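Q: I have a model open and want to learn how to read it. Can we go through some features one by one?

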Amino acid sequence: MRPTTQQTRTFWWFAAIAVACLIGWQDFAAAGTDIPRPAALKSDVDFWIRVYTEITTNEGFLHDERNLDVVYEKMRFPADMSPAGRQKIVDEARDTHLAVMQRLIDLGDATLGDAAAVAGLDIAARRMLELWHGRATVAELKAARERVRFQLGQADRFRAGLVRSGAYETHIAETLANLGLPPEIAALPHVESSFNPDAYSKVGAAGLWQFMRSTGRRYMRVDDAVDERLDPYRSTEAAAQLLAYNYRVLGSWPLALTAYNHGAAGMRRAKQKMGTDDFVTIARNYQSRTFGFASRNFYPSFLAALSIDEDPRKYFGDIERAPEQKFTEVAVPGFVPAAALLRATGLDEQRLRALNPGLRDAVWRGSRLVPRDYRLRLPAEGGPWTTAMLAEKLFPQELFANQVQSRYHKVRRGDTLGIIARKYGTSVAELADLNDISRRAILRRGALLKLPEREPVLLAKAAATPVATTSRAASAVAAALPRAGASGAETAASAVSSVVPSGKATPKGQGSAAGTTATELPPAEPWLRGGPLTRTAPAASIARLRRERDGEAAGGEIPEIEITVARAAADTVREAKAVAREAEVARDAQPVSAGQAAELGPSVGPPTETPQSVDLMDLAVDEDDSVRVYGEETLGHYAEWLETTAAQLRRINQLRYGQPLLLGRRIKLDFARVTRGVFEERRRDYHSRLQARFFNDYRIAGTEIYIVRRGDSLWTLTQKFGYLPAWLLQQYNPDIDLGALRAGMQLVIPKTVATGSADA
């Protein structure tokens, strides 16, 4: 039968529409070559474009969590309404839509599929069915009842971010280009922080790129004097390294960008479990407790931000972006009080702070010094600055050889605040205030008690006998600044007399008037700081530490290295637990106001669900009670965590005495005394402390490719490349068996440099 003219017209009409849609989706998919834009994500991306451009933080969408083209209601709130008031309105609206769904569910599939019956339904029921575009079966509606979600609008925040982005876009573009990364990544701060370098989140992320502290320390300096996460330039360079790492281990930009939110280890597990690196397949089908709405939508929200950033006028009209910041960077010639830099440069504090947001409040208060070699930014309009010029403008008594040092005392049996105060020549009141405890507090054995800080040594005196400064060095330097009518000689003399006290220096190992000393926190020896498993310490050092460990040190003092490790362990565990608790709060949070959104996370997209992580180690026990061996692990560690003996583990693994564990191999465990969960927690804590100690002293400053030569081994590589722990080499080469290197293999070598944090 030949088709009628009308049928032919209808066919071509539908064909034209299909071709137009296909062309539109192909344009979407081909808009970027390095950053794919899958047609299957178009509805998701369109939803986030609406969130970023159509509704403000006084508005929101009530929508289906999985099908983002299903938006039940656009809600508006009075600007002055409290979050509680907004939440009540959202809850009432949700209940209304749930009631409509339930009425349709009660009708059954037969009625829902009958056009005549549907036409007789009330307006709310018909609209609900229209929203689902013919997909509203009883089963689908039952599932949808559990997926009603509120999304706060972001248009006002996104527009402000577009304006702010102008100050940093050139540096971001250069940084990405230097590492060979796609230029489209420059849009990521829109999703992370709305280009706000001061942004903090409830789960501990900070800065333009929202780095977690533990991740940030891999690439930046993060300590009590400097937090480069808040520096938009240093954090941009760190973010580029992190994204390059993610891409290297995942091989796909959708997965690498999602890993920025979900963690590289999480995305690697998803890729392995699903057997594909196709993001759409993973986003639609991967099931994991932590891979929820935020993780599934991070890449679509990034694509939405990218689309808007490419054509902001289409959505916001004319946008005048902030001008690029102009400045000069100079290396600080020593440890210098902030007050001295203000005097030498002639700048006011507000201007210098704005140029150097990575310097922490402690520096500006004077309780910490600006670190040596810190790249200080100064205004470009003041003429060219050099380190030598800055040094000339600083007085000798304003240059120190080291940072203000913190001291701690490990509480022992019988210790009281009074005993400790007399021991270190301080008062009970000062100790109580420093540690934020009551003057009558009962001290817990093993706790670390902070002591009054020890001031730094003048740089001019460092080569000779060290001369201690007073406990108010920064204040003394500020007081010694030039006075009206005072000569240079008078000023210098005043400064010296204010800073350098009379009397002899106190050599290390001697104490105050009581004849004792606090435990300093010096940098650990390299071989104790997380270096390669195979690196050995000098025999004399090992013997000394063993004697000290066993209580044979003079005076029975606790060895300094043990205090360093204990402090790092306590800080790491405390921080990890706090982040985990707050991540639980953020995981299911749906902010209804701008304030709540900023508190949970400054990101313009959905709140993060998992703390940002780079660590690829899978520390879980396998079903056959075995684990994969990672760097720095020994049979002794496993035995300790299992509360058994190394001999027992050697027996069940048929290992000879002295036979080493090979990295990457699997070893059977004995869970007769502890559970898998306890073992995994102890193992995780060990690696957290190990990495925290290493990244206190070193950071990653890029990578290089190395071709394995004949005769190379893990030992020779860790020696050849300086402080390169085996576990770090594993993280950058997760698919290579480092215990079976062959000539011609290609390895990625992370280049490590000292952070300077050890001086703090």
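Q: Let me start with one residue. Is Gly216 buried or exposed?

A: A note first: this is a predicted model. Relative accessible area decides the matter, and under 20% means buried. Gly216 has a relative accessible area of 0%, so it is buried.

Q: Where is Gly216 found, and which residues is Gly216 in contact with, leaving aside its neighbours within four places in sequence?

A: Gly216 is found in helix H10, residues 213–216. With those sequence neighbours left aside, Gly216 is in contact with Phe211 and Val222. For Gly216 and Ala205 it is 9.2 Å, and the two are 11 residues apart along the chain.

Q: How much of the whole protein is buried?

A: Of the 760 residues in the protein, 48% are buried. The protein exposes about 35400 Å². Carbon and sulfur atoms supply 52% of that area.

Q: What is the secondary structure, and what share of contacts links residues 24 or more positions apart?

A: The protein has 33 helices and 12 strands. Take the contacts with a separation of 6 or more: residues 24 or more positions apart account for 72% of them.

Q: Where are His133 and Asp436 placed?

A: Both are in loops. His133 lies between helix H5 (123–131) and helix H6 (138–144). Asp436 lies between helix H22 (428–435) and strand S7 (448–454).

Q: Why do His133 and Asp436 count as exposed?

A: Exposed means over 50% relative accessible area. His133 counts as exposed because its relative accessibility is 52%. Asp436 counts as exposed because its relative accessibility is 71%.

Q: Now helix pairs. What describes two packed helices?

A: The angle between their axes and the distance between the axes.

Q: Which residues of H29 and H30 meet?

A: From H29, Leu635, Tyr638, Ala639 and Leu642. From H30, Ala646, Leu649 and Arg650. The contact has 6 nonpolar residues, no polar ones and 1 charged.

Q: How do the axes of H29 and H31 cross?

A: At roughly 135°, and they come within 9 Å; H31 covers residues 676–697. H29 and H31 are therefore oblique to each other. The crossing is right-handed. H29 contributes His637, Tyr638, Glu640, Trp641 and Leu642 to the contact. H31 contributes Phe679, Arg682, Arg683 and Tyr686. By class, the contact has 5 nonpolar, 1 polar and 3 charged residues.

Q: One more pair. At what angle do the axes of helix H12 and helix H13 cross?

A: Roughly 130°, and the axes come within 7 Å. H12 spans residues 253–262 and H13 spans residues 264–274. That angle makes H12 oblique to H13. Leu255, Thr258, Ala259 and His262 in H12 meet Ala264, Gly266, Met267 and Lys271 in H13. The classes are 4 nonpolar, 3 polar and 1 charged.

Key: Residues numbered from 1 in each chain as written. Predicted model: local features only at pLDDT ≥ 70, side-chain atom pairs only at ≥ 80, totals over all residues. Heavy atoms only, no water. Contact = heavy atoms within 4.5 Å. Helix = DSSP H or I, 4+ residues; strand = E, 2+ residues; numbered from the N terminus. Nonpolar A, V, L, I, M, F, W, Y, C, P; charged D, E, K, R; others polar. Axes fitted to C-alpha atoms, helices over the stretch in contact; angles between N-to-C directions. Parallel < 35°, antiparallel > 145°, perpendicular 65-115°, else oblique. Left-handed = near helix turned anticlockwise from the far one by under 90°. Buried < 20%, exposed > 50% of the residue type's maximum accessible area, 1.4 Å probe, protein only. Areas by Shrake-Rupley, 256 points an atom, 1.4 Å probe, with all protein chains shown as cover.
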